[in-house]
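Student: Could you take me through the salt bridges here? Please go slowly over each pair.

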Amino acid sequence: ADSGHSSAESVTCHRDRMEVEFSRELSNYSWQGAVVDANDEEITSCDYLVDYENLLLSALFVNCTSLEHGQHKLSLKLMVNDTTGGEKNITSSAHCSVVHANEVIPPFFTGATNCTKDFMAVTFPRLIPSFSDEHAVPVTPMTWTLSIDDGTKIHQLSLGQAMQQGYSFLADGHNLVFQVAFSATGVVSYKQNGQVLYTVALKLTYGPPERRLTVESRMLCAPGPAVCNATHMTVTIPAFSGTLMAVGVEDRTIPIDQLQESGIAVDTKRGIKMYISRGILKSRLHGESCSGLQAYMSSLKLAFHFHGETVAMVMHPECPCDQRTPIAAVCTQDGYMDFEVLADSTKPPLNLDTLRLRDPSCKPAYKSSLNDRVWFHVPLSGCGTRYWFDGERIIYENEVRALWADLPLSRISRDSELRLTVMCSFSNGDASLTIKVDSLPSLASSMNQGPLSLVLLSYPEESYRHPYRDDQYPIVRYLRQPIFLEVQVLNRNDPNLQLVLDDCWATASQEPSSLPQWNIVVDGCAYDLDSYKTVFHPVGHGVSYPNYRQRLEVKTFAFMSGDKALPGLVYFHCSVLICNRFQPDSPLCSTRCPKPSRSKRESGKPSMNSVVSLRGPVLLVPEGWSADQGSTLLSKEAWAKVTLTVVCIFSLMATVLLFLAFLRCLKRRASLIHVIH
């Protein structure tokens, strides 16, 4: 065998390894590569990878290189078979500079814990390359260390020990998945009323101190199960030292102060109980073992402040299947009617193949293998679904039928007939699904809460980007400063609907019907008797469903006492109409300003009228109270000063009135004495 010199063309240095690219000439030969020591013997403890197709060799600094003159030296030997059948050995070396102590690799912190009913897991990049897609256990397990801190003791485990004590690794492409069993060493549990929260703090290290890679994770998991009733899903987190900071539903993060309006109520008296409205849940078929729909949430992310850091877990809560209802029916947030039809709804059993919606091209979304039930997923805006307004409700309706008239012509039929009317009605704050069967015994009805609700928000500026939070009320405004208001319909996506302003007004107390009042908008138009007219701002296309919003700007005013403007709290309210966007069924749905002389009460009732109030009051103060003009929020100290000032003013006025009354009484008495004399 002949010996030659280096055939390496380039070397790429990474923080934990080096990559050598060989000459393209090698592609013409059959060859093998190896990492060798100073005696040209292969280093068996070296973890390296050869890519013969791309002519690359990748090797870790650890166990593969030697240190020479402040550099990692990698020695290579290539065994090349030439065209004549002879073998040629080629030796070469590659170098990379050593990272100094002040360039120590910082630890990598994993993200949210994936919490399942069987285990908890975190995913992190393959920073440590001794895993391969084919092998879950690395070649050199002695270089791994797993440290687990349970609060009283630190457990030091090798990789082999860890995998025997409840920890496991899975390779997933460019990532590693680290799974922890609830019974694993070092896992701490918090228990409350049958619910358990598991947590573990761990550190995974690899390599020598000067080139150590570290992955740290604090994991949380509350595997449930969830408890459900007709209106809500309840998720319970046992009490522990963490503080809830944020909630994420699917891909949307919801601030804590906006959970209520998003359909989630939170009780933190002892532990955490989250009451999640069924209106924001999804639904699916539970499976062959259950004749019913199952409500679930594909992703619920909870972030806590725990041990001085932000720790998050992603849960996948689901309701147990409810087999008590013969017809499972759900009105979904994303605009569908979900319901089942069972074969034994009629006697003799119904032939489910004969079922038709009003639009016969729409088929059932699912049919059981036993042919005993089908599931319909009917869009509110398709498949022949009709809708109309009934007072304060929007009603959607479709029909499922299996009639003899729909079957092929024959002299007789032994199939049952069925006509099923499915109606989903939404009103301000609830929704219901009713099912009626004509000419047959009534099937059971299923009622469900729906997601239609309104909100009146205030914004600090005309851009309408970020509304004031609940904890920022009351908001200070000076006379003639603008107040930017917005009315929204929440949790609806029907493009046929349009939000229309009816009236808006201000009161001196929280009750919308209290006196005194001042009109801001009347019959959808600016109030004629106000010298500072209300300004309506268009809603651009930068928001979802602009037809569900109305924006207006009001110049600040103060209620009067005699000829004086007094400081005080003012509350804003609006009544709105929800109309058919393309076919207004009421004269009030077509806003024209100025309004004709005929009043709205003579023109007809609105399609749907609801009153919504601003979340908190606005504190109106006359000009001159402060030289600092602006929209500064009132602090507790400032509020106390304003309140004290108002009390002092009223006390002073009362004292002056008493003094004047006393003088008048003395004058009258003196006059009487003069007459007697």
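Tutor: Here is a walk through the salt bridges. This is a predicted model, where local features need pLDDT of at least 70, side-chain atom pairs count only at pLDDT 80 or more, and totals for chains, interfaces and linings use all residues. Residues are numbered from 1 along each chain as its sequence is written, and side-chain values use heavy atoms, leaving out hydrogens and water.

Side chains of opposite charge can pair when their charged atoms come close. A salt bridge is a side-chain nitrogen of Lys or Arg within 4 Å of a carboxyl oxygen of Asp or Glu. The whole structure holds twelve salt bridges.

Take glutamate 261 and arginine 615. Their closest N and O atoms are 1.7 Å apart. Glutamate 261 sits in the loop between β23 (252-254) and β24 (264-267), and arginine 615 in the loop between β50 (609-613) and β51 (618-621), so the pair ties together parts that are 354 residues apart in sequence. Strands (E, at least two residues) are DSSP runs, numbered from the N terminus.

Next, arginine 358 and glutamate 397 meet in a salt bridge at 2.6 Å, N to O. Arginine 358 lies in the loop between β32 and β33, and glutamate 397 in strand β36 (residues 393-402), so this pair ties together parts that are 39 residues apart in sequence. Arginine 358 is partly exposed, at 25% relative accessible area. Glutamate 397 is buried, at 10%. Buried means under 20% relative accessible area, exposed over 50%, and partly exposed in between (1.4 Å probe, protein chains only).

Finally, salt bridges that share partners join Asp257, Arg469 and Asp471 into one network.

How values were computed
Helices (H or I, at least four residues) and strands (E, at least two) are DSSP runs, numbered from the N terminus.
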